[in-house]
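Please examine the sequence and the three-dimensional structure shown below.

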Amino acid sequence: MDLDLSPKLAKKVYGGDGGAYYAWCPNELPMLRESNIGAAKLALEKNGLALPRYSDSAKVAYVLQGSGVAGIVLPEKEEKVLAIKKGDAIALPFGVVTWWYNKQDTELVVLFLGDTSTAHKAGSFTDFFLTGSNGIFTGFSTEFVSRAWDLEESVVKTLVGQQSGKGIVKLDPDFQMPEPKAEHRNGMALNCEEAPLDVDIENGGKVVVLNTKNLPLVGEVGLGADLVRLNGSAMCSPGFSCDSALQVTYIVRGSGRAQVVGVDGKRVLETTVKAGNLFIVPRFFVVSKIANPDGLEWFSIITTPNPVFTHLAGRTSVWKALSPQVLQASFNVSPEVEEKFSSKRKAEEIFFPPPK
């Protein structure tokens, strides 16, 4: 059965005055279910609060737009209150309780990509809310809650029933949320737009890789990630993950063309990608992208915390490692043709500037 790899946009799941939560549906993007990957976005308006919740999936969060505050509580640890802004990546292992708040005029948008292999539904995140009309304690009897918290039943009814909002609420402008602490960012978040570049090719593109070295928590999540910025009309070398990892890509900005080639040299995807699209490259399939003149930027998670890629063009290409005789025999070409092939792309690595 052929897999549908075409890019898709997220759809609204719930929301109100404070903002909205969007998700990609496995029924519309079957590769989510096939690959056990979930994908969602949180968009908070000014004074919007995403109520405390935990999830059945480990995730990587990436701030697509705006700035705000995130509260993170690791199991049996103190609350970390982080200032977050565009470009921040945050690893969220299992059991983490989070809340998100936006006090700015600009909408705060956070992308979530993660592993659903132990989730209730393959390809989907299920969040469990601590408060609100669908909060955990609304399901327990007053007796159970009062004994758990050692409170009078009248107080319990107020605590459990006062918050009528579901998932996202809008706070009064004068309400004072906790202030973030600079030291709480240490080891919790990495700004991919400010981090040292792993690849920087003039007129080609730039890459920042998120791994266990610069953000150790990704080891607990079991996912790596990268932010790739491709210059206008530049090309990303065809390549594949050589350690059986899947690559889930969200287009952050710009547009471009993408091709994916799979088993038996069959092109399984040829499409135009644009901001807001999500698509998945299966294990060992080869992908390449060419940016439109406005450039192309994407954030990807890879289903291993320290991904390894093989590129099929450029200075680091696998072709450069093969002997000329093997290339001649494999392509069934003359030494002259092989020489032309081998002599190209001696300087560029994985990004190729537009033709002059």
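Leu-230 is placed in strand 16; strands here are DSSP runs of E with at least two residues, helices are runs of H or I with at least four residues, and both are numbered from the N terminus. The model is a predicted one, in which local features need pLDDT of at least 70 and side-chain atom pairs count only at pLDDT 80 or more, while totals for chains, interfaces and linings use all residues. Residues are numbered from 1 along each chain as its sequence is written, and side-chain values use heavy atoms, with hydrogens and water left out.

Is Leu-230 buried or exposed? Leu-230 counts as buried because its relative accessible area is 2%; buried means under 20% relative accessible area, exposed means over 50%, and partly exposed lies in between, with a 1.4 Å probe and protein chains only. Contact means heavy atoms within 4.5 Å. Leaving aside neighbours within four places in sequence, Leu-230 is in contact with residues that include Gly-204, Met-235, Ile-290, Trp-298 and Phe-351. The C-alpha atoms of Leu-230 and Asn-203 are 8.5 Å apart in space, although the two residues are 27 apart in sequence.

Ser-233 counts as partly exposed because its relative accessibility is 29%. Apart from neighbours within four places in sequence, Ser-233 touches Ile-290, Ala-291, Asn-292, Pro-293 and Pro-354. Ile-290 and Ala-291 are also among the contacts of Leu-230. Between Ser-233 and Glu-183 there are 40 Å in space, C-alpha to C-alpha, and the two are 50 residues apart in sequence.

The interior may be considered next. In soluble globular proteins, nonpolar side chains tend to be buried together. A nonpolar core is a set of buried Ala, Val, Leu, Ile, Met, Phe, Trp, Tyr and Cys residues joined through side-chain atoms within 4.5 Å. How many residues does the largest nonpolar core have? It has 84 residues, and those with the most contacts inside it are Tyr-62, Trp-100, Leu-278, Phe-299, Ile-301 and Phe-351. Leu-278 touches, among others, Ser-6, Trp-24, Leu-113 and Tyr-250, not counting residues up to four places away in sequence. A second, separate core has 9 residues, including Leu-49, Leu-51, Leu-171 and Met-177.

The structure holds 12 salt bridges, each being a side-chain nitrogen of Lys or Arg within 4 Å of a carboxyl oxygen of Asp or Glu. In one of them, Asp-127 and Lys-59 meet at 3.4 Å, N to O. Asp-127 lies in strand 11 (residues 127–129) and Lys-59 in strand 5 (residues 58–65), so the pair ties together parts that are 68 residues apart in sequence. Another salt bridge joins Asp-105 and Lys-46, with the closest N and O atoms 2.9 Å apart. Asp-105 counts as exposed because its relative accessibility is 63%, whereas Lys-46 is partly exposed, with a relative accessible area of 36%.

Finally, the whole chain may be described. Its secondary structure comes to 6 helices and 23 strands, and 48% of its 356 residues count as buried. The C-alpha trace spans about 90 × 40 × 30 Å along its principal axes. Among contacts between residues at least 6 apart in sequence, 73% join residues at least 24 apart.
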